[in-house]
Amino acid sequence: MGKEVILTPIAVNDFENVVAYLTYKWWIQATNNFIDRFEKVCVLLSEDASMFPFVNLNKQIQKCILTKHNALYFKNTDVAVKILTIFDTRQNPEKLNSIF
């Protein structure tokens, strides 16, 4: 059995924003594809989060590429994987400093 995957309030908001954007701008299949991909990544994180690289070793923050436009940043603890944010990779990466 894998670890629990927990989303921070920021990550929940990010997820909802991506789903809303895809539903509005694209088609329902794109939204469903994103949700399916997110669920599969959560299973991977739950089973073995160590497969993803660290982006900040001091703070123990890791990164997973969710889609070509979205990266998921998380912390892996002994009991759970905490998703910090789902970040649009087209944004200025300096914005991540306020989250970490």
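1. Of the 100 residues of the protein chain, 34% count as buried, where buried means under 20% relative accessible area, exposed means over 50%, and partly exposed lies in between (1.4 Å probe, protein chains only). The model is a predicted one, in which local features need pLDDT of at least 70 and side-chain atom pairs count only at pLDDT 80 or more, while totals for chains, interfaces and linings use all residues. Residues are numbered from 1 along each chain as its sequence is written, and side-chain values use heavy atoms, with hydrogens and water left out.

2. The overall dimensions may be stated next. The C-alpha atoms of the protein chain fill a box of roughly 40 × 35 × 20 Å, taken along the principal axes. A compact globule with 100 residues would have a radius of gyration near 13 Å, and the protein chain agrees, with 13 Å. This radius is taken over C-alpha atoms, and the globule rule is 2.2 Å times the number of residues to the power 0.38.

3. The protein chain has 2 helices and 5 strands, in the pattern β-α-α-β-β-β-β when read along the sequence. Helices (H or I, at least four residues) and strands (E, at least two) are DSSP runs, numbered from the N terminus.

4. Strand 5, residues 80–88, deserves attention. It is mostly covered, as 7 of its 9 residues are buried. Two strands pair if DSSP finds at least two bridges between them. Strand 1 (residues 4–7) runs parallel to strand 5 and is joined to it by 4 bridges; here valine 5 stands opposite valine 81. Strand 4 (residues 70–76) pairs with strand 5 in the antiparallel sense, over 7 bridges, and leucine 72 stands opposite isoleucine 86. Strand 4 and strand 5 form a hairpin with 3 residues between them. As a general point, side chains in a regular strand alternate between the two faces of the sheet.

5. On the cysteines, the structure holds 0 disulfides. Cysteine 42 is in no disulfide, and the nearest cysteine sulfur, that of cysteine 64, is 8.9 Å away. That separation is too far for a bond, since a disulfide is a pair of cysteine sulfur atoms within 2.5 Å. Cysteine 42 counts as buried, at 13% relative accessibility, and cysteine 64 counts as buried at 2%.

6. Proline 9 lies in helix 1 (residues 9–25). Proline 9 is exposed, with a relative accessible area of 71%.

7. The largest pocket holds about 530 Å³ of space. On a 1 Å grid over the protein atoms alone, a pocket is an open set of points where a 1.4 Å probe fits, with protein on both sides within 12 Å along at least five of seven lines, whereas in a cavity the probe cannot get out; lining residues have an atom within 4 Å of a point. Grid points are joined across faces, edges and corners, and a volume is the space filled by probe spheres set on the points.

8. The lining of the largest pocket has 21 residues, of which Val18, Tyr21, Leu22, His69 and Asn70 lie nearest its centre. The elements that give two or more residues to this lining are helix 1, helix 2 (28–48) and strand 5. Helix 1 gives the most, with 5 residues. By class, the lining has 9 nonpolar, 7 polar and 5 charged residues. Ala, Val, Leu, Ile, Met, Phe, Trp, Tyr, Cys and Pro count as nonpolar, Asp, Glu, Lys and Arg as charged, and the others, Gly among them, as polar.
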